[in-house]
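Subject: Structure handover

Hello,

Here is the structure I promised to pass on. Have a look through it, and then read on for what turned up.

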Amino acid sequence: RKHKGSSTRFSLSFSGSGFLALYQVGVVQSLLELAPKLLKSACKVYGSSAGSIIAAAVVCDDIKESFFAMAKEVRKTVLGPLSPKCSLLANIKSILQRTLPEDSYQLASGRLHISLTRVVDGQNVIASEFSSKEELIQRYVDGGFTGLQPVSSLEEAVITVSPFTGELDICPRDCPAIFFCYQIFNGSIQISIENLCRISYALFPPSAMVLNDILSQGYQDTALFLYRNS
């Protein structure tokens, strides 16, 4: 997709990503350095699962997240995030409590759109109004189960960001074009060995060196996207 025209207003959509959220951190860092006006002028910022943390950081002007520390904690257990001794949700809440400013819910309301799964009927819903910092942090059930790449059907110009190769704006481009994309939970994922490896990384974080490479790739892929779209 092309996103040209200086008068065009953009929205951003960060997909569910697990520990590959570091890729999206790299994307945001690249936008901050290379296209800060685009990042700050995004009229809406969507997020699902771990991507909602990145989205919240963008709208609340706090990009420094503690994903390396979280990954280190998870690797202490044999089963990783599936171990009852390790609560990813508790870690995420702790990060948000520590990093988000007290007026974060005011900054987020109307601009931040978080993908959630409603417990009663399993339907995907988008939350965009928050009355307190605690409400902003609380989520029904991980939205990644029903809305991997959240976006409104009414949006005209949305920049989609994902650490998985697919039919997206900012994502890895290392898989051959002959592979086909699979639509799942409103997201696009290319069927390839590389993406299968990324899925395992999203659930069971690799070494700090690999995570750092993932962050760097997010930065580089964003720079390439900006170059291609002027």
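Let me begin with strand E1 (residues 11-14), where Ser11 and Ser13 point one way while Leu12 and Phe14 point the other way. All of these residues are buried (under 20% relative accessible area, with exposed meaning over 50% and partly exposed in between, using a 1.4 Å probe and protein chains only). In general, side chains in a regular strand alternate between the two faces of the sheet. Helices (H or I, at least four residues) and strands (E, at least two) are DSSP runs, numbered from the N terminus.

Before going further, please keep in mind that this is a predicted model: local features need pLDDT of at least 70, side-chain atom pairs count only at pLDDT 80 or more, and totals for chains, interfaces and linings use all residues. Residues are numbered from 1 along each chain as its sequence is written, and side-chain values use heavy atoms, with hydrogens and water left out.

**The sheet**

E1 pairs in the parallel sense with strand E2 (residues 44-48) over 4 bridges; two strands pair if DSSP finds at least two bridges between them. Lysine 44 in E2 stands opposite serine 11. E1 also pairs in the parallel sense with strand E5 (residues 158-161), again over 4 bridges. There, valine 158 is the bridge partner of serine 11, and isoleucine 159 stands opposite leucine 12.

Taken together, 5 strands form an open sheet with mixed pairing, in the order E4-E3-E2-E1-E5. Strand E4 (124-127) and E5 are the edge strands, each pairing on one side only. From one strand to the next, the twist averages 20 degrees (axes are lines fitted to C-alpha atoms, for helices over the stretch in contact, and angles run from 0 to 180 degrees between N-to-C directions).

**The helices**

Helix H3 (residues 50-59) packs on the sheet, touching E1, E2 and strand E3 (112-117); contact means heavy atoms within 4.5 Å. The direction of H3 makes about 155 degrees with that of E2.

The axes of helix H1 (residues 21-34) and H3 come within 9 Å and cross at roughly 25 degrees. That makes H1 roughly parallel to H3 (angles under 35 degrees count as roughly parallel, over 145 as roughly antiparallel, 65 to 115 as roughly perpendicular and the rest as oblique). Where they meet, Ala21, Gln24, Val25 and Val28 in H1 face Ala50, Gly51, Ile54 and Val58 in H3.

Best wishes
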